[in-house]
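Q: I am new to this structure and would like to learn how to read its features one at a time. Could we begin with the strands and then turn to the charged side chains?

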Amino acid sequence: MPSNKSTAPSSSPSSPSSPSSSSRPRPRKGVVIGALVAVAALLAGWLSQYAVGGNSAGGGSGAGSGNATVEDRSEDTAAGNPALLKLARRTADDPFARGDKDAPVVMIEYADFGCSFCGKFARDTEPKLVRKYVEKGLLRIEWRNFPVFGKGSERAALAGYAAGQQGRFWQFYDAVYADKDHEKGSFTTDRLHELAEQAGVKDLDRFDRDRTSEAARKLLDKDRTEAYGLGAAATPAFLVNGQPIAGAQPDKVFTDAIERAAAAAGSKAPKSKAPKSEAPKSEAPKAGRTGGEG
């Protein structure tokens, strides 16, 4: 037990009290590491709090206060976190992005083809964002593979890469999410071929080569590592010019975030009507990082 004598407060709130005045000071390296851990924890809190506080398929219902939205952020954060802004790739010929590479706002979408709430966003919200912002040059959407439901989701992610090599990624995306009743483990080779054909993929032999290629696996691993590095634990998750949004939120959450980001970047975005408030929807694997296929 430390002495009961009054001492000066520690310079680090997480540091234990020193047992004696002759104790050796903690190395500076430890302070730096502690700071980095704190930053990582902050990012993790932004993107993963909805996994325990939101409407998640894996963890039951929680309080509405767990919603990770941007509505209560001050105006001086509208420009986004500089480190997170750098995650936007802005590659001109990226088959997994839509919209002008120089658009003032970039929304990164971390999603799983086996996730029902990702499908809800793809069917109900994203088409509106495309019409209202992407087609007007204000928004760019970049896809990131974040398969958390096991091998079936991974197979679908690799197939999405292969469709992209023939310029049909977004058509594949639409075909997968159009099926509201698909099961997470249902992405067999035959099913992937059906989806590829629906997406307009012409060369199925090339499709099979591409989806089993090292390049496909490398990009999947890069995307998933990026998502886990941000602390994301469920899908879908988003960054809008570096600001996190978690779950398949109501349309207004996305339009507000996009319009604030556009304003911060000096661009004007059309105002949107406020829809009825809804609870956020996201989906987490039932056990572990990669979850199961069921």
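This is a predicted model: local features need pLDDT of at least 70, side-chain atom pairs count only at pLDDT 80 or more; totals for chains, interfaces and linings use all residues.

Q: In which sense do strand 3 and strand 4 pair, parallel or antiparallel?
A: Two strands pair if DSSP finds at least two bridges between them. Strand 3 (residues 105-111) pairs with strand 4 in the parallel sense, over seven bridges, and V105 has L139 as its bridge partner in strand 4. Strand 2, by contrast, runs antiparallel to strand 4 and is joined to it by two bridges.

Q: Which residues lie on each side of strand 4?
A: In a regular strand the side chains alternate between the two faces of the sheet. Here L139, I141, W143 and N145 are on one side and R140, E142 and R144 on the other, all of them buried (under 20% relative accessible area, with exposed over 50% and partly exposed in between, for a 1.4 Å probe and protein chains only). Because seven of the seven residues of strand 4 (residues 139-145) are buried, the strand is largely enclosed by the rest of the structure.

Q: What links R89, R140, E142, R144, D223 and E226?
A: Side chains of opposite charge can pair when their charged atoms come close. These six residues, R89, R140, E142, R144, D223 and E226, are linked in a network of salt bridges, each being a side-chain nitrogen of Lys or Arg within 4 Å of a carboxyl oxygen of Asp or Glu. R140 bridges to E142, with the closest N and O atoms 2.9 Å apart.

Q: How far apart are the closest N and O atoms of R89 and D223?
A: They are 2.9 Å apart, in a salt bridge. R89 lies in the loop between helix 2 (82-85) and strand 2 (97-98), and D223 in helix 8 (residues 214-229), so the pair ties together parts that are 134 residues apart in sequence. R89 is partly exposed, at 24% relative accessible area, whereas D223 is buried, at 2%.

Notes
Residues are numbered from 1 along each chain as its sequence is written. Side-chain values use heavy atoms; hydrogens and water are left out. Helices (H or I, at least four residues) and strands (E, at least two) are DSSP runs, numbered from the N terminus.
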